[in-house]
Amino acid sequence: MRTLQPWKSLKLSLKARFNLENSCKMKTLHFENKDKPFLWEKNMSCLKMWKRLLLFLLAILMMTGCAFGTKAADKSQSKSDTPKSNVTATKETKGASQKPAEGKLMTVKLNSGYDMPVLGLGTWTQNNTTTAESVYFALKNGYRLIDTARYYGNEKGVGEGVKRAIADGIVKRGDVFVTSKIMPGNYNNAAAAIDASLKDLQLDYLDLMQIHQPGSNDKAVYQAMEQGVKDGKLRSIGISNYYTKQQVDEVLSYAKIMPAVIQNENHIYYQNTALQNYVKQYGIVIECWYPFGGRGNTRDSFENKTIVEIAKAHEKTPAQIILRWQIQAGYVTIPGSANPQHIAENIAVFDFALSADEMQKIAGLNQQRRYENW
Ligand SMILES: NC(=O)c1ccc[n+]([C@@H]2O[C@H](COP(=O)([O-])OP(=O)(O)OC[C@H]3O[C@@H](n4cnc5c(N)ncnc54)[C@H](OP(=O)(O)O)[C@@H]3O)[C@@H](O)[C@H]2O)c1
C-alpha cells in the first residue's frame with residue numbers, strides 16, 4: 001500500500017485539477033479503504049491513471065494544434081482572398097516603432113492590384129519645412145498615405161519626411177503610399193515631370209501619379225503616365241478634378257491602363273455620388289480633397305448641426321465624424337493639416353462606426369455645392 005501512496009496523491013491532485021467525475025472519486029475512496037486490495041486492482045488503478053494522463057496530454061496537444069491550425073487558416077485566407085468590399089485592415093509594419101493611434105488603418109484594393117490606405121495626409125499650402133515635419137509626425141502616428149503635387153512645391157519636404165521615418169525604423173518604403181500629380185504647366189513634357197517628382201521626393205517609384213486637372217493635352221500626359229508604369233516609375237495612375245461621366249469617358253476612350261483613382265473635391269456639401277456610382281464598374285476609387293471644405297471654410301462643416309449631434313453621440317469630434325463618413329461611404333480621404341494634434345485626431349477614426357441611419361443623415365446634407373471651380 002505504501003508504494004501506492006505517490007500515485008494516489010497524484011491521482012487525487014489530477015482529479016482535483018481536472019474535475020473528474022464523482023463516480024471515479026467514489027471508486028478511489030473505496031480502493032483506499034480496502035485493507036488488502038488485489039494486485040490487479042492496483043494495476044488497474046495505475047493503468048486508468050496513465051490512461052487519463054495520456055488522454056489529458058492528448059487533449060492539450062489537440063487544442064494547441066487547433067489553435068495553430070486556426071491561425072494558419074486565418075493567415076492563408078487573408079493572403080489569398082480578395083476582400084468582398086475591397087476594403088481591408090492594413091498589414092502592420094514589421095519592426096515599426098509606432099502603430100496607428102487607435103484601431104487599424106484600412107486599405108482599399110485598387111484596380112491596379114495595389115492596396116491604398118483609405119485615409120492619408122494632405123499637404124497643400126505647406127512649405128517644404130512644415131511638410132517634412134508633418135509627414136514625419138503623420139507616419140510616426142500610423143499614417144501610410146501622403147498626398148502631394150508638383151504644384152504644391154513641397155515634394156522635397158514629403159521626401160524628407162518619408163526618408164527620416166524610414167531612417168528611424170518607423171516605416172519601410174513599401175509601407176508608405178506616396179501620391180503626386182503632374183501640374184498643367186508640365187503637361188507639355190509629362191515624362192520629365194515624372195522624373196522631376198521622383199528626384200525631389202528621393203524615391204525610385206511613386207505609388208500613384210495623377211493628372212492634376214483636365215487640360216488640352218491630357219491624352220499625352222496620360223500616355224506619359226502609362227509609360228511611367230511600364231518603366232516601373234509609377235505603380236498606379238489616376239486623374240484629378242474630373243467630375244462628370246463624360247470627362248471620365250473621354251479618358252477611358254484612350255486609356256490602356258485604367259485610372260485607379262479620381263481625386264476630386266468631395267465633402268458633406270458636395271457628394272458627387274453619381275460619379276462614384278458610375279466609376280464603380282471600373283473599380284475606380286474616388287479620393288476626397290477638401291474633406292473639411294478647405295482652409296477658411298472648415299466651420300461650415302464642423303458646426304453643422306447634424307455633424308455636431310452625431311459627434312456628441314460617439315464622443316468624437318466633428319472632423320472625425322466627417323472622415324469616418326467618407327471612409328464608410330467608400331471614399332479615400334486626405335485631410336490636410338500641419339497641426340500635430342489634428343493629424344493625430346484625424347487618424348483616430350478606426351475604432352467606431354456610424355450607423356446606417358447616421359450615414360443616411362449625412363448623405364442628406366448634400367447640396368452639390370463646391371467651394372472651388374477648377
Ligand atoms: N487635386 C486637387 O486639385 C486638390 C485641391 C485641394 C487639395 N488637395 C489635396 O487634398 C488635401 C485636403 O485638402 P485641404 O488640406 O486643402 O483642405 P481640408 O483637409 O478640407 O481642410 C484643411 C483645414 O482643416 C484644418 N484641420 C485639419 N484637421 C483638423 C481637425 N481635426 N480639427 C480642426 N481643423 C482641422 C486644417 O488646419 P490645421 O493645419 O491647423 O490642422 C486646415 O485649415 C490637400 O492638403 C491636398 O493634399 C487636392
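These exercises work through a predicted model of a protein with a ligand.

**Exercise 1. The whole chain**

Task: State how many helices and strands the protein has, and what share of its residues is buried.

Solution: 
- Step 1. Count the elements: the secondary structure comes to 14 helices and 11 strands.
- Step 2. Turn to burial. The protein has 374 residues, and 38% of them count as buried.
- Step 3. Look at the contacts. Take those between residues at least 6 apart in sequence; 72% of them join residues at least 24 apart.

**Exercise 2. The sheet**

Task: Give the strand order of the open sheet of 8 strands, then find which strands stand at its edges.

Solution: 
- Step 1. Read across the sheet: the order is β4-β5-β6-β7-β8-β9-β10-β11, and the pairing is parallel.
- Step 2. Find the edges. β4 (121–122) and β11 (332–333) each have a single partner strand, so one side of each is left without a neighbour in the sheet.
- Step 3. Pick one pair. β9 (residues 261–265) and β10 (residues 285–289) run parallel and are joined by 5 bridges.
- Step 4. Name a partner: Q263 is bridged to E287 in β10.

**Exercise 3. Helix α5**

Solution: 
- Step 1. List the buried residues of α5: E155, G157, V158, G159, E160, G161, V162 and A165.
- Step 2. Find their packing partners. The buried residues of α5 pack against α4 (128–140), β5 (145–147), β6 (177–182) and α6 (190–201).
- Step 3. See what follows the helix. G169 comes after α5 and has a positive phi, near 75°.

**Exercise 4. Residue I307**

Task: Decide whether I307 is buried or exposed.

Solution: 
- Step 1. Apply the cut-off. A residue is buried if 20 or more other C-beta atoms lie within 10 Å of its own. I307 has 23 such neighbours, so I307 counts as buried.
- Step 2. Name contacts. Leaving out residues up to four places away in sequence, I307 touches I268, S301, P318, I321 and I322.
- Step 3. Check one distance. I307 and K361 are 54 residues apart along the chain, and their C-alpha atoms are separated by 9.0 Å.

**Exercise 5. The ligand shell**

Task: Describe the residues that surround the ligand, by number and class.

Solution: 
- Step 1. Count: 25 residues surround the ligand, and the closest are G122, W289, F292, G336 and S337.
- Step 2. Sort by class. The shell has 9 nonpolar, 13 polar and 3 charged residues.
- Step 3. Find the largest share. Helix α13 (residues 340–347) supplies it, with 3 residues.

Conventions:
Residues numbered from 1 in each chain as written. Predicted model: local features only at pLDDT ≥ 70, side-chain atom pairs only at ≥ 80, totals over all residues. Near = placed C-beta within 6 Å. Helix = DSSP H or I, 4+ residues; strand = E, 2+ residues; numbered from the N terminus. Nonpolar A, V, L, I, M, F, W, Y, C, P; charged D, E, K, R; others polar. Buried ≥ 20, exposed ≤ 12 C-beta atoms within 10 Å, placed from the backbone. Contact = placed C-beta atoms within 7 Å. Pairing = 2+ DSSP bridges.
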